[in-house]
Amino acid sequence: LHDLYSRVAGTFAWLLREDSRGSEARQYAQQRGIAPESIERFQLGYTPDSGRWLYQFLRQKQYSDEFLRNSGLFSRRSEEFSLFRHRLMFPIQDERGRVVAFGGRSLRQEERAKYINSPETLIYQKKNVLYGLYQSLEAIRSSRSVCIAEGYLDVIAIHQAGVAAAVAPLGTAFTEEQARLLRRWVDEIVLVFDGDSAGFQATVRAASIAESTGLRCRVAVLEPGTDPADMLQSQGPEAVRALLASPVSAWEFILRDAQRRFPVSDPQQRELLLRNVLPYIRIVSSEVRREAMLEQVADITGVSLTAVQRDYNHWRGGEVPEKRNSRETPPAVQNRTRDFTLVLACLQAGELFSYLRNNLAHTDLHDPVARSLFLVAEDSFRHEESFPRGVIDRLADEALRNRVLEFITSGECTGWSVSDVRDAVRRVRVEKLLREERELVRAMKDLTSDDVVGLRQLQEKKMALDQEIRDLKARVDDRTEK
């Protein structure tokens with residue numbers, strides 16, 4: 001696979017550089033301000049607008065059908081049909097410089113998916129890889145710091161601006177595995193995400209992961225609707241460098257936003273401010289820093305430090321502060337599935353649902369009601385509506401709407417944080433994998449004794465599933481013990 005991806009990357013690069021079919025891709029790269037030096041450094045390429053050219057080319061190079069079928073380069077529906085067609089290609093390299101996957105930007109305006117990425121293969125798991133890491137390693141080692149942007153073009157723009165330590169996650173949120181990978185070389189990360197609502201949620205999530213893995217985290221604050229690639233084009237490299245030269249701490253970024261959204265003159269808004277910042281304080285390992293944060297919150301809200309600390313202690317213990325006129329959990333809230341409880345808990349704050357949607361697909365949920373609620377929440381999130389009100393307003397099913405309202409007013413999961421959601425997501429994944437494993441076992445029993453190839457393929461899938469289940473269970477158990 002490494003040999004195949006190296007050969008294909010070289011072919012894509014030649015097509016962009018030399019072939020007449022790559023003229024539109026060359027024009028697009030020029031329009032986006034990608035310098036020729038960056039095209040060469042990041043090995044950018046082009047894939048022609050033909051479904052079967054790559055398959056025919058590789059078959060001529062003596063690659064077998066079975067090997068190509070599992071390479072991640074072809075459609076699962078039609079095994080001879082190239083996954084990438086008429087796209088500007090971004091080879092994805094591991095820290096050793098080996099091409100392990102591709103990202104492709106469509107050159108068609110009407111294309112629904114502007115960007116697509118390779119599926120996971122034996123050599124590529126997206127949670128473990130960062131785009132631009134290989135090109136950044138030298139600068140990362142010397143500076144002990146790295147910028148984390150959202151996309152391929154943002155990484156290239158930051159490099160072109162003269163900051164040669166910039167990487168990006170790959171079609172997913174910044175992960176714990178990526179944070180641990182960076183800890184081998186850096187002490188600090190600087191988040192450079194888009195300045196819109198989704199970018200803010202991604203920033204908070206990434207900052208929480210960095211904090212939990214022992215990385216210092218700062219944030220380069222972008223204006224809404226801007227990103228480094230656009231800034232490089234419209235304002236030049238000096239503006240990008242100035243942005244990256246004056247980041248604020250992640251805590252300051254989160255606190256500023258909470259102050260903007262929740263005016264402290266209103267007692268209820270003060271409580272919402274506390275609710276939004278306490279989950280981040282909770283994961284800070286330093287007692288000294290945590291105490292300073294609590295004091296800062298007390299000063300801003302005008303609440304006594306003792307009261308703030310009391311609320312914090314409730315949250316840290318997973319408890320919910322006592323409410324006036326408390327009552328028993330209503331019957332409609334009881335007898336829920338784990339899937340439904342998880343989605344309900346994430347409706348309480350946009351950042352919780354943001355983490356959920358970036359780490360779990362609705363199809364991962366076994367409960368059909370939970371899947372339905374997830375999709376409604378997804379629509380509300382995409383329209384940047386406030387949680388949970390936006391979700392409740394969208395629920396046409398009156399019975400479901402009442403269940404959601406009763407849950408939220410009960411205060412049952414008020415204290416959930418991103419780390420709680422992360423643990424619940426892992427458990428949902430374990431349950432899904434166990435269901436898949438049971439299906440595989442049934443399929444193996446249904447095979448005839450002479451179908452040796454089919455049995456071997458199912459056995460290999462089961463081995464991979466078993467390993468993934470063990471890994472996830474170990475992480476859930478580790479979190480539970482802590």
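Helices here are DSSP runs of H or I with at least four residues, strands are runs of E with at least two, and both are numbered from the N terminus.

The crossing of H16 and H21 is left-handed, meaning that the near helix is turned anticlockwise from the far one by less than a right angle, whereas clockwise would be right-handed. Who touches whom? H16 brings Arg338, Asp339, Leu342 and Cys346, and H21 brings Val421, Ala424, Val425, Arg427, Val428 and Glu431, where contact means heavy atoms within 4.5 Å. By class, this contact has six nonpolar, no polar and four charged residues. For the classes, Ala, Val, Leu, Ile, Met, Phe, Trp, Tyr, Cys and Pro count as nonpolar, Asp, Glu, Lys and Arg as charged, and the others, Gly among them, as polar.

A word on what you are looking at. This is a predicted model, in which local features need pLDDT of at least 70 and side-chain atom pairs count only at pLDDT 80 or more, while totals for chains, interfaces and linings use all residues. Residues are numbered from 1 along each chain as its sequence is written, and side-chain values use heavy atoms, with hydrogens and water left out.

H12 (residues 250-261) and H13 (residues 267-283) pack at about 160 degrees, with their axes 9 Å apart. So H12 is roughly antiparallel to H13. The crossing of this pair is right-handed. On the H12 side, the contact includes Trp251, Ile254 and Leu255, and on the H13 side it includes Leu273, Asn276 and Tyr280. Its classes come to nine nonpolar, three polar and one charged residues.

Keep Asn276 in mind. Which residue is 73 positions from Asn276 in sequence, yet 8.1 Å away in space, C-alpha to C-alpha? That is Ala349, in the loop between H16 (338-346) and H17 (350-359). Ala349 has a relative accessible area of 16%, so Ala349 is buried; the rule is under 20% for buried, over 50% for exposed and partly exposed in between, using a 1.4 Å probe and protein chains only.

Let's zoom out. The chain has 22 helices and nine strands. Of its 482 residues, 48% are buried. Among contacts with a separation of 6 or more, 68% are between residues 24 or more positions apart.

On to the strands, which pair if DSSP finds at least two bridges between them. S2 (87-93) and S3 pair antiparallel over seven bridges, with Phe90 opposite Gly103 in S3. These two strands form a hairpin with five residues between them, and Gly97 in the turn has a positive phi of about 90 degrees. S3 (residues 99-106) has eight of its eight residues buried, so S3 is largely enclosed by the rest of the structure. Three bridges also join S3 to S4 (residues 115-117), running antiparallel, and Arg105 has Tyr115 of S4 as its bridge partner.

There is also an open sheet of five strands, in the order S6-S5-S7-S8-S9, with mixed pairing. Its edge strands, S6 (166-167) and S9 (248-249), each pair on one side only. Inside that order, S7 (residues 188-192) and S8 (residues 216-219) pair in the parallel sense over four bridges, and Val190 stands opposite Arg218.

Let's finish with some backbone details. The loop between H6 (133-143) and S5 (145-149) holds Arg144, whose phi is near 60 degrees, a positive value in a residue other than glycine. Is Arg144 buried or partly exposed? Its relative accessibility is 33%, so Arg144 counts as partly exposed. Gln43, between H3 (36-41) and S1 (45-47), also has a positive phi, near 55 degrees. Lastly, the peptide bond from Phe387 to Pro388 is cis, with omega near 0 degrees, and Pro388 lies in the loop between H18 (368-382) and H19 (389-394).

Terms used: Axes fitted to C-alpha atoms, helices over the stretch in contact; angles between N-to-C directions. Parallel < 35°, antiparallel > 145°, perpendicular 65-115°, else oblique.
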